[in-house]
Amino acid sequence: MIMFDALRNFGLFDNVDSVDTRGRGLINRTYLVHAYNNRYVLQLIDTHVFKNVDKAIKNIELVTEHLKHKNDYDAFIIYSKDNRQHILVGDYYFRCYKLRDNEEIYQYYENDKIHYEIARILGRFHKLTADFDVKKL
């Protein structure tokens, strides 16, 4: 299975306990991976939305670096064996992140508390990136 080739390339396959599909989101197909007593998000990048995956990943890198300088957020990006933030397996691009203990992935908005948290986090993201030079993107 192509997903397992992606996990090998990110160095996770040998210790995978389970992989759960988190459904098809608005943009990417997401999998929750349990390995090394940790949880990871493996995403199949939708190339219909992101026509140039290299540029999309570069944008994520630029914003992540901006947030790191504010000592606010570290994305826990899992790099491939050749030190890339995304990989190509067959015709499919993948990226991978380690989840923190307090982070969750939801398929559906289950209640108003989740809506509130999404809005709060999005507002904080906007505040922290308000001084980001969008011309870099």
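**Figure 1. Burial and overall dimensions of the chain.** Of the 137 residues in the chain, 31% are buried (under 20% relative accessible area, with exposed meaning over 50% and partly exposed in between; 1.4 Å probe, protein chains only). The model is predicted: local features need pLDDT of at least 70, side-chain atom pairs count only at pLDDT 80 or more, and totals for chains, interfaces and linings use all residues. Residues are numbered from 1 along each chain as its sequence is written, and side-chain values use heavy atoms, with hydrogens and water left out. The chain has 3 helices and 5 strands (DSSP runs numbered from the N terminus, helices being H or I of at least four residues and strands E of at least two). From the N terminus, their order is α-β-β-β-α-β-β-α. The radius of gyration is 16 Å, close to the 14 Å that the globule rule gives for 137 residues, so the chain is as compact as a globular protein of that length (radius taken over C-alpha atoms; rule, 2.2 Å times the number of residues to the power 0.38). Along the principal axes, the C-alpha atoms fill a box of roughly 40 × 35 × 30 Å.

**Figure 2. Packing of helix α2 against helix α3.** Helix α2 (residues 53-69) and helix α3 (residues 112-129) pack at about 85°, and their axes are 10 Å apart (axes are lines fitted to C-alpha atoms, for helices over the stretch in contact; angles run from 0 to 180 degrees between N-to-C directions). The two helices are therefore roughly perpendicular (65 to 115 degrees; under 35 counts as roughly parallel, over 145 as roughly antiparallel and the rest as oblique). V63, H66 and L67 of α2 meet F125, L128 and T129 of α3 (contact: heavy atoms within 4.5 Å). The residues of this contact divide into 4 nonpolar, 2 polar and no charged (nonpolar: Ala, Val, Leu, Ile, Met, Phe, Trp, Tyr, Cys and Pro; charged: Asp, Glu, Lys and Arg; polar: the others, Gly among them).

**Figure 3. Surroundings of F13.** F13 lies in the loop between α1 (2-9) and β1 (16-24). F13 is partly exposed, at a relative accessible area of 26%. Leaving out residues up to four places away in sequence, F13 touches F4, L7 and R8.

Figure 4. Y36, in the loop between β2 (29-35) and β3 (38-45), has a positive phi near 55° without being a glycine. Y36 is partly exposed, with a relative accessible area of 40%. N83, also not a glycine, has a positive phi of about 65° and sits in the loop between α2 and β4 (86-89). N83 is exposed, its relative accessible area being 59%.
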